[in-house]
There are 2 protein chains.
Amino acid sequence: MSDLLFVGLDVGGTTMKGGVVDDSGRMLSAVSLPTEPERGQVSGLERMCETIRQGVHAAGLQMGRIAAVGVATPGLMDIPAGIILDPPNLRPWRDVPVRDHIQSVFGLPTAFQNDANAAAYGEYCFGAGKGCRSMVLFTLGTGIGGGIILNDRVLEGEHSHGAELGHIRIELTHPRPCGCGRVGCLEAYGSASSVVKRMQELLSHDPAASSLRSGEEFTSRDIFTAAAEGDHLAGRIVEETAFYLAVGATNLMHILDPEMIVFAGGMVHAGDTFLERIRHHVRALAFSVPAARTQIRFAQLGSDAGLIGAAACGRQLFHRLNGAG
Amino acid sequence: MSDLLFVGLDVGGTTMKGGVVDDSGRMLSAVSLPTEPERGQVSGLERMCETIRQGVHAAGLQMGRIAAVGVATPGLMDIPAGIILDPPNLRPWRDVPVRDHIQSVFGLPTAFQNDANAAAYGEYCFGAGKGCRSMVLFTLGTGIGGGIILNDRVLEGEHSHGAELGHIRIELTHPRPCGCGRVGCLEAYGSASSVVKRMQELLSHDPAASSLRSGEEFTSRDIFTAAAEGDHLAGRIVEETAFYLAVGATNLMHILDPEMIVFAGGMVHAGDTFLERIRHHVRALAFSVPAARTQIRFAQLGSDAGLIGAAACGRQLFHRLNGAG
């Protein structure tokens, strides 16, 4: 094992997380600071640097021990330019030169990546995808995000819009409205929010049919728990969700034919029974060769995927600059 | 311009076409021989070699002038191994070592590729996609095929199943049956066959509503012609087809975010009016940045795309072997 060390910084709308990750993906430290985008982007850039410093300090290290930095932020962005453009959940930030700022402050090679892409790259290097050549990650939350890694390269797209996997249209006739303003997107069927919404719809038609109550607040996890306890309506929602996610996975298999499909997000806690239902539907939906050979797994890095993935992007940059990648 | 010359061979179920292509994509010769797969694969391999020889001869050249060969065949195949496995339209061929056979007969570097991928690579190098970095090709015929080129690399997939673009599912609720045995595939909506089938369906409900007659044989081109002449029912079919193809294009844009989307096949003859309708729907369906920036074009190489693309694959192999690619 080499003793190269990297910093990962994962910037979200609420908090930013920074920490040190070693060359084998082990996280040596993690600190969180509030993002508070409303304080403006100058303050935001300062706080990014502060989070990096605290992360290094928390690992008992000095900056001189760090080989490279990786920063992951939400979109919209220009990835090759290292700039956050106009990200909805970092308002009022606009045209923030994240990469060059951090690079100049620390004098270290600094990689910049979309947060979902970084999480996918983290899983690819050190998590569920370790050792595989190509991988597609679906992140299931309020929305559906994703990342595509082909032969150790993050598919960024020509306009930094690659892997918007939640916004593949899968329904024409009766499309559900999607959070993006469009209709019929995979996200409107397979996200955690959609699980809740579809359950509320079923309950509104048949309020007594479930242990969950119409109008009451519940989460997708409550629905998965109810399904596991034998609730038929919740079971139907879970089964439909597995089918929708299998449609998304199959579409990606028929386009990219990757070695592995990985699902991340809270639904991972539903466990192997749910994963097996997704696999079941993929086997029925996909061409026989990819159906038999494509691995379908749950993610392994949990909420650390963004930080570890950002560090992995820094690590990749370091190895490229040093001719080993 | 260099004077490097390449042979392309495009093997189809009915005929195989071979010819010489120069380093700038100009086709110097093209000959066709019947494939006659029923004669068996030994005969098939001999005929491939004969087609190559005749193609070189037709260009007034000797084999010694050829730098490399490229061969394109229909699937199923193992692209890295250079083997046709079990292609439906080349029965009873099975496990045919195409690449190694041709390579050993001529003693020339020989590339092997799926025919749709090769056509896409031809358009990428020398046709609609010339000069762009990443391109997705949809080939619209009886079915829908495709190819994906990212940074001068054909996306083959881990199991030689990449770019099965006709078999992205776009409908859940009332899915049309697809020729592949599945339902709801893009091919069941946007292929030339689907254009005819959907027109027949409309006519069966309202036989007097069109200049085309229910039950009579007509082609997708007849429908496009009728639409151009003001036939409302045909116009509706054409408009729906533009929408379906835009859904397919948008799905690929949201996954890969390529620089360009190209449509090939007979429908290209429908011309700019049809292309403009596809673009119109893409602008409405896609995220604003890719909607504004992704180029959407018709293919330029026509039925030569497979031969030219196969030669382009040989050319790429030659340049790689010689350290220039």
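**A loop glycine and the chain interface**

Tutor: Gly75(B) sits in the loop that joins strand 4 (66-73) to strand 5 (77-78) of chain B; strands (E, at least two residues) and helices (H or I, at least four) are DSSP runs numbered from the N terminus. This is a predicted model, where local features need pLDDT of at least 70 and side-chain atom pairs pLDDT 80 or more, while totals for chains, interfaces and linings use all residues. Residues are numbered from 1 along each chain as its sequence is written, chains are lettered from A and ligands numbered from 1 in the order written, and side-chain values use heavy atoms, without hydrogens and water.

Gly75(B) counts as partly exposed because its relative accessibility is 24% (buried is under 20%, exposed over 50%, 1.4 Å probe, protein chains only). Beyond its neighbours within four places in sequence, Gly75(B) contacts Pro87(B), Pro88(B) and Asn114(B) (heavy atoms within 4.5 Å). Gln41(B) is 34 residues away along the chain, with 15 Å between its C-alpha atom and that of Gly75(B).

Now the interface. In chain A, 46 residues are in contact with 46 of chain B. The two chains bury about 3800 Å² between them, 58% of it on carbon and sulfur atoms (accessible area lost on being put together, 1.4 Å probe, summed over both). On the chain A side, Glu158(A), His159(A) and Ile255(A) lose the most area to chain B, together 19% of what that side buries. Two salt bridges are counted between the chains (Lys or Arg side-chain nitrogen within 4 Å of an Asp or Glu carboxyl oxygen). Arg133(A) forms one with Glu158(B), the closest N and O atoms lying 2.6 Å apart.
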